[in-house]
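Open the model in your viewer and keep the selection tool at hand. This tour goes stop by stop.

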Amino acid sequence: MPDLIVHTYGPAWNTIDLSPFSVKLQTWLRLARLPFTTRLSIPSRMPQGKLPVLDMDGQRLPDSTAIINALRERHGDPLGDWQRTPEQRALARAVQSMLETDLYFTAVWWRWTPPGNQALLRAEMAHYFQGLGVPKLFAPLAFAQARNGIQKQLQAQGAGRKSPEELTANGEQIMSALRDFLGDQPFLLGDAPATIDATGFAFLHTLLNTPLDIPLKARVLAMPTLVAYHQRMLALCWPERVA
Ligand SMILES: N[C@@H](CCC(=O)N[C@@H](CS)C(=O)NCC(=O)O)C(=O)O
């Protein structure tokens, strides 16, 4: 029985998990060959009020980056991040922030704002609420509560004040930068995957594998090296998902 438990939202549509941060953590765990189990949880009951959270050695750790740092200490840098050059590490950290603290909010806006996408998300999240044991009658209320919280975050961060066109342009700039950073390498820092690949993969994966109407998806599908990179990571870490 694995001693690592990832608290999360669970798969949605064709994604490994609804949350890109959870896809990142689970992908990292697979890259590091550390067995784990997942458990559906409620973010508000967790430290920092977000998911994923990891139970490890009797501790409950929030934040995917902090969790990976703790796992890297515990398991002796399994992906060899500290063998990279200082420049590679600095660039990887910048790309991580670009995806996790900029693109993330653009993606969240598209999931939670246009009425059609919101309806698809509501239907999909019904499985999560059901898995948590929320009575069917209360699922719409739980969804509305989550949506209000997200809309407040989008206003505070600023994405919620932008037009759809501005958000798509921002997302396209970021994905083009990711494509250029990848270049013709198999992984973001060269021939072997590093921790930054868990983030790169997660944000592509959660954009490309939903039926949501997001203009950025078509722009990314027109970037063949990024599409091939997503497939390469999928085949490496999640072979059971490759047809
Ligand atoms: N920095 C955190 C971000 C996690 C995060 O933003 N999780 C979102 C889902 S993608 C969440 O649980 N949000 C719930 C909320 O804000 O109420 C990490 O890397 O784990």
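A nonpolar core is a set of buried Ala, Val, Leu, Ile, Met, Phe, Trp, Tyr and Cys residues joined through side-chain atoms within 4.5 Å. Buried here means under 20% relative accessible area. Keep in mind that this is a predicted model.

**Stop 1: the core**

Select Trp 28, Leu 29, Leu 71 and Met 175. These residues have the most contacts inside the largest nonpolar core, which has 73 residues. Now colour helix α3, residues 86-112. Helix α3 gives this core its largest share, 10 residues.

**Stop 2: the ligand**

Pick out the polar atoms one by one. Start with the side chain of Tyr 9: one of its N or O atoms is 2.5 Å from an oxygen atom of the ligand. Move to Gln 153, where a polar side-chain atom lies 2.6 Å from a ligand oxygen. At Leu 51, look at the backbone instead. A polar backbone atom there is 2.8 Å from a nitrogen atom of the ligand. How much of the ligand's accessible area does the protein cover? On its own the ligand has 510 Å², and the protein covers 80% of this.

**Stop 3: the loop between β2 and β3**

Stay with Leu 51 and step along to Pro 52. A cis peptide bond joins the two, with omega at about 10 degrees. Pro 52 sits in the loop between β2 (37-40) and β3 (53-56). Gln 48 belongs to the loop between β2 and β3 as well. Check the backbone of Gln 48: phi is near 70 degrees, a positive value in a residue other than glycine. Is Gln 48 buried or exposed? Its relative accessible area is 61%, so Gln 48 is exposed.

**Stop 4: Asp 63**

Go to the loop between β4 (59-62) and α2 (64-75), where Asp 63 is found. Asp 63 counts as partly exposed, at 35% relative accessibility.

**Stop 5: His 75**

Follow helix α2 to His 75. At 32% relative accessibility, His 75 counts as partly exposed. Its side chain makes a polar contact of 2.9 Å with the side chain of Arg 74.

**Stop 6: helix α7**

Finish on helix α7, residues 195-208, with Thr 195 selected. Thr 195 is buried, because its relative accessibility is 14%. A polar contact of 2.5 Å links its side chain to that of Asp 81.

Further on in helix α7 is Leu 204. Leu 204 is buried, with a relative accessible area of 0%. Which distance separates Leu 204 from Pro 20, C-alpha to C-alpha? The two are 8.8 Å apart in space, although 184 residues apart in sequence.

How values were computed. Residues are numbered from 1 along each chain as its sequence is written. Side-chain values use heavy atoms; hydrogens and water are left out. A polar contact is a pair of N or O atoms within 3.5 Å; within protein, one must be able to donate a hydrogen and the other to accept it, and residues adjacent in sequence count only if both atoms are side-chain atoms. Accessible areas come from the Shrake-Rupley method with a 1.4 Å probe; for residues, only the protein chains shown count as cover. Buried means under 20% relative accessible area, exposed over 50%, partly exposed in between (1.4 Å probe, protein chains only). Helices (H or I, at least four residues) and strands (E, at least two) are DSSP runs, numbered from the N terminus.
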